[in-house]
Amino acid sequence: MNHDRIIATTPEGTPVLGPVDAARTPRWVGPATFARLPRTDEVGRTDIAVVGVPFDAGVSYRPGARFGPNHVRESSRLLRPYNPAQDVSPFAGAQVADAGDLVANPFDIREAITAIEAGARELMGERTRLVALGGDHTIALPLLRAAHSRHGKLALLHFDAHLDTWDTYFGAEHTHGTPFRRAFEEGLLDTDAVCHVGTRGPLYGAQDLEDDARFGFGIVSSADVMRLGVDAVVAHLRERVGDRPLYVSLDIDVLDPAHAPGTGTPEAGGMTSREVLEILRGLRGADVVACDVVEVAPAYDHAELTGVAAAHVVYELVTLLALGAGAAPGGPAYGLAGHVHGTGPSAPARPAAARAGDDPGAGR
């Protein structure tokens with residue numbers, strides 16, 4: 001009920017309904033919307049919608065990502081309303097709500113893609129930005145189509161162990177390994193501003209890389225992240241995407257199986273959850289228009305390792321969307337880096353806008 005939720009006001013004076021207050025209602029009580037946020041039918045408007053797309057008919061190995069959206073929601077119960085890594089309260093600066101799940105035909109991939117695109121377009125409307133919970137990576141194509149219909153050609157950052165620019169599997173054009181080749185062919189992407197991040201593992205042949213380069217993709221491998229470091233990778237990605245409208249697509253298998261065992265096509269040698277989260281935080285101020293987090297397969301998860309990692313990824317993406325394009329640079333509110341950035345406990349007080357909705361007793 002509303003009286004158990006955190007109610008805040010944006011810097012513009014617009015009231016927003018936040019997550020259930022964990023100081024009044026224990027975290028394990030009640031329905032598992034993402035981060036215990038309100039549903040879209042409980043709010044008058046939605047600035048950022050978190051929507052499930054429980055579809056996995058496009059997988060080439062382990063099935064089960066159709067159960068991913070609810071697993072991520074359940075794993076998000078411990079998220080709190082203030083993000084100290086970005087020094088902002090994302091649920092206070094924008095109305096964020098859970099839009100439930102899109103319905104897609106599990107037996108007809110083409111029909112499913114059409115339905116997902118239609119559902120995403122309806123949710124986006126005139127102003128809503130979208131974070132989709134997969135589902136397998138097939139869903140990226142209809143989501144890109146929907147975002148393209150509103151924003152034109154898109155920059156793309158694709159976090160994944162795999163390229164996902166293959167042509168067909170068993171003659172099928174639409175699978176979880178083909179969405180970005182189809183997006184290129186359909187003219188959805190700004191080919192000067194597309195890049196894979198975290199790619200690794202064996203390929204079918206050198207032609208895979210040649211095709212991928214022909215589509216315009218750059219590659220920042222997981223080994224690059226290890227050798228160059230997060231800050232250098234962030235600088236490269238920001239230069240590549242510039243101020244273009246940006247779609248972020250993150251396959252949870254970008255993480256090493258030690259961090260995300262619950263996925264369909266795991267590859268050794270992946271990134272840590274810390275590296276991925278820090279790279280996403282480094283995109284602050286980019287014009288992110290839509291995102292997806294896909295390939296969480298709970299049947300292979302252990303102790304919610306994958307679900308928790310995915311929930312934190314979604315939290316950082318929601319934060320980027322709430323901050324919006326052109327957000328001023330910011331740093332963490334604690335730790336040595338916080339002092340370097342001029343934040344942290346000993347720094348000058350933050351502006352009121354940054355503190356909007358903060359409640360020191362909420363979200364424990």
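Trainee: Where is Ala-303 placed?
Mentor: Ala-303 sits in the loop between β10 (288–294) and α10. Keep in mind that this is a predicted model.

Trainee: What is the phi of Ala-303?
Mentor: Ala-303 has a positive phi of about 55°, although it is not a glycine. Most residues other than glycine have a negative phi.

Trainee: Is Ala-303 buried or exposed?
Mentor: Exposed. Ala-303 has 64% relative accessibility, so it counts as exposed.

Trainee: What is Thr-306 in contact with, leaving aside neighbours within four places in sequence?
Mentor: Thr-306 touches Ile-252, His-259, Ala-260, Pro-261, Gly-262, Val-296 and Asp-301.

Trainee: New topic, helix pairs. How far apart are the axes of α3 and α4?
Mentor: The axes are 8 Å apart. Helix α3 covers residues 109–124 and helix α4 covers 140–151, and they pack at an angle of about 40°. That makes α3 oblique to α4.

Trainee: Is the crossing of α3 and α4 left-handed or right-handed?
Mentor: Right-handed.

Trainee: Which residues make that contact?
Mentor: From α3, they are Ile-113, Ile-116, Glu-117, Ala-120, Arg-121 and Met-124. From α4, they are Pro-142, Leu-143, Arg-145, Ala-146, Ala-147, Ser-149 and Arg-150. By class, the contact of α3 with α4 has eight nonpolar, one polar and four charged residues.

Trainee: And α8 with α9, at what angle do the axes cross?
Mentor: Roughly 40°, and the axes come within 9 Å. Helix α8 is residues 230–241, and α9 is residues 273–281. The two helices are therefore oblique to each other. Their crossing is right-handed.

Trainee: Which residues meet there?
Mentor: Val-230, Val-233, Val-234 and Leu-237 in α8 meet Glu-275, Glu-278 and Ile-279 in α9. That contact of α8 with α9 has five nonpolar, no polar and two charged residues.

Trainee: Now α6. Which of its residues are buried?
Mentor: Asp-208, Asp-211 and Asp-212 are the buried residues of helix α6, residues 206–214. Seen down the axis of α6, its buried residues fall within an arc of 100°, so they line one face of the helix.

Trainee: Why would spaced-out residues point the same way?
Mentor: An α-helix has 3.6 residues a turn, so residues three or four places apart point the same way.

Trainee: What do the buried residues of α6 pack against?
Mentor: They pack against α5 (179–185), β7 (189–199) and β8 (218–221). On the other side of α6, Ala-206 and Arg-214 are exposed.

Trainee: What comes just after α6?
Mentor: Gly-216, with a positive phi of about 100°.

Trainee: One more thing. Where is the cis peptide bond that joins two glycines?
Mentor: That cis bond joins Gly-134 and Gly-135, and omega is about 15°. Gly-135 is in the loop between β5 (129–134) and α4. Most peptide bonds are trans.

Methods
Residues are numbered from 1 along each chain as its sequence is written. This is a predicted model: local features need pLDDT of at least 70, side-chain atom pairs count only at pLDDT 80 or more; totals for chains, interfaces and linings use all residues. Side-chain values use heavy atoms; hydrogens and water are left out. Axes are lines fitted to C-alpha atoms, for helices over the stretch in contact, and angles run from 0 to 180 degrees between N-to-C directions. Helices (H or I, at least four residues) and strands (E, at least two) are DSSP runs, numbered from the N terminus. Angles under 35 degrees count as roughly parallel, over 145 as roughly antiparallel, 65 to 115 as roughly perpendicular and the rest as oblique. A crossing is left-handed if the near helix is turned anticlockwise from the far one by less than a right angle, and right-handed if clockwise. Contact means heavy atoms within 4.5 Å. Ala, Val, Leu, Ile, Met, Phe, Trp, Tyr, Cys and Pro count as nonpolar, Asp, Glu, Lys and Arg as charged, and the others, Gly among them, as polar. Buried means under 20% relative accessible area, exposed over 50%, partly exposed in between (1.4 Å probe, protein chains only). The arc is that of the directions from the helix axis to the C-beta atoms.
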